[in-house]
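Please read the following report alongside the sequence and the coordinates.

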Amino acid sequence: MSRKLYDLVGEDPTCRFSPFCWRSRLALAHKGLDVETVPWRFTETDRLGFSGQGKVPVLVDGGHAVSDSWAIACWLEERYPDRPSLFGGEGGRAVSLFINGWADGVLHPQVSRMVVGDILPLLAPAHRGYFRESREKRFGMPLERVSADRAERVQTFRREVLHPLRATLGQQPWLGGDAPRYADYIVFGAFQWARVCSAFELLEDGDPVAEWRDRVLDLHGGLARATPARAATGQEAAPA
């Protein structure tokens, strides 16, 4: 296969939790493109040296290495124009760029505060020190304290942070309109990240955002749903 995607995993290679890698995996599926996913773990930066940087996702396509999920989406759109569009035109690309920035700057920090502590046990022991040190530096506190207030924090998250999504999805089935587009995959990546890493539920049953998340889980033959959710016991659950 000529196409490879380097994808962040935990100690278990089936535990694929990077929100950015999920954006790229769903974009490839949307285009109907086969890809070999290559498991990659924190601190394995040398394995990405060919890409000129040290973070995933990295797509290798026909001898070209493309890093960064947004760059990968644009590459796929331009390289495969005869396949289903990720953006639905230049206007859709422009709006998706805004959503990309909103997800990175607003949605991800909120989700991270609620699930980051649950990621540590999923990592191989050799990578836990790096993860703890880097995240404690980012948040300015011990990892165990970062999510200590999440039962209260999630109420504001649902009410305020998710309001633009709820307002949109209450009127149309997808962020992309009548059909899923890359905008849906951008936002979904954050919820898949939480679903795979943590049993803490960010969404309430009956919320249009929760119903939309379930629809995305079932796209492309249930690609995202096939990665198990985290069970309340701290172990992985069967796909649901």
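## Basis of the values

This is a predicted model, in which local features need pLDDT of at least 70 and side-chain atom pairs count only at pLDDT 80 or more, whereas totals for chains, interfaces and linings use all residues. Residues are numbered from 1 along each chain as its sequence is written, and side-chain values use heavy atoms, with hydrogens and water left out.

## Strand pairing

Helices (H or I, at least four residues) and strands (E, at least two) are DSSP runs, numbered from the N terminus. Two strands are taken to pair if DSSP finds at least two bridges between them. By that criterion β1 (residues 3-8) and β2 (residues 36-40) pair in the parallel sense over five bridges, with tyrosine 6 opposite valine 38 in β2. Together with helix α1 (residues 19-30), these two strands make a right-handed β-α-β unit, where right-handed means that, with the strands pointing away from the viewer, the path from the first strand over the helix to the second runs clockwise.

β1 also pairs with β3, in the antiparallel sense and over four bridges, and leucine 5 has leucine 59 of β3 as its bridge partner. The β3-β4 hairpin has two residues between the strands, and glycine 62 takes a positive phi near 60° in it.

In a regular strand the side chains alternate between the two faces of the sheet. Within β3, Val58 and Val60 point one way while Leu59 and Asp61 point the other way, and all are buried (under 20% relative accessible area, with exposed over 50% and partly exposed in between, for a 1.4 Å probe and protein chains only).

## Helices α2 and α3

The buried residues of helix α2 (residues 69-79) include Trp70, Ile72 and Leu76, and the buried set of this helix packs against β1, α1, β3, β4 (64-67), α3 and α8 (182-197). At the start of α2, a side-chain oxygen of aspartate 68 reaches to within 3.0 Å of the backbone nitrogen of tryptophan 70.

Tryptophan 75, also placed in α2, is in contact (heavy atoms within 4.5 Å) with Leu59, Asp61, His64 and Val66, once neighbours within four places in sequence are left aside. Its side chain makes a polar contact with the side chain of aspartate 61 at 3.0 Å; such a contact is a pair of N or O atoms within 3.5 Å, where within protein one must be able to donate a hydrogen and the other to accept it, and residues adjacent in sequence count only if both atoms are side-chain atoms.

What angle does α3 bend by at arginine 113? The bend is about 50°, taken as the angle between axes fitted to the seven residues ending there and the seven starting there.

## Two buried polar residues

Arginine 158 lies in helix α6 (residues 150-161) and counts as buried because its relative accessibility is 13%. A polar atom of the arginine 158 side chain lies 3.0 Å from the backbone oxygen of glutamate 201.

Serine 51, in the loop between β2 and β3 (58-61), counts as buried because its relative accessibility is 18%. A polar atom of the serine 51 side chain lies 2.7 Å from the backbone oxygen of leucine 48, and the serine 51 side chain makes a polar contact with that of glutamine 53 at 2.9 Å.
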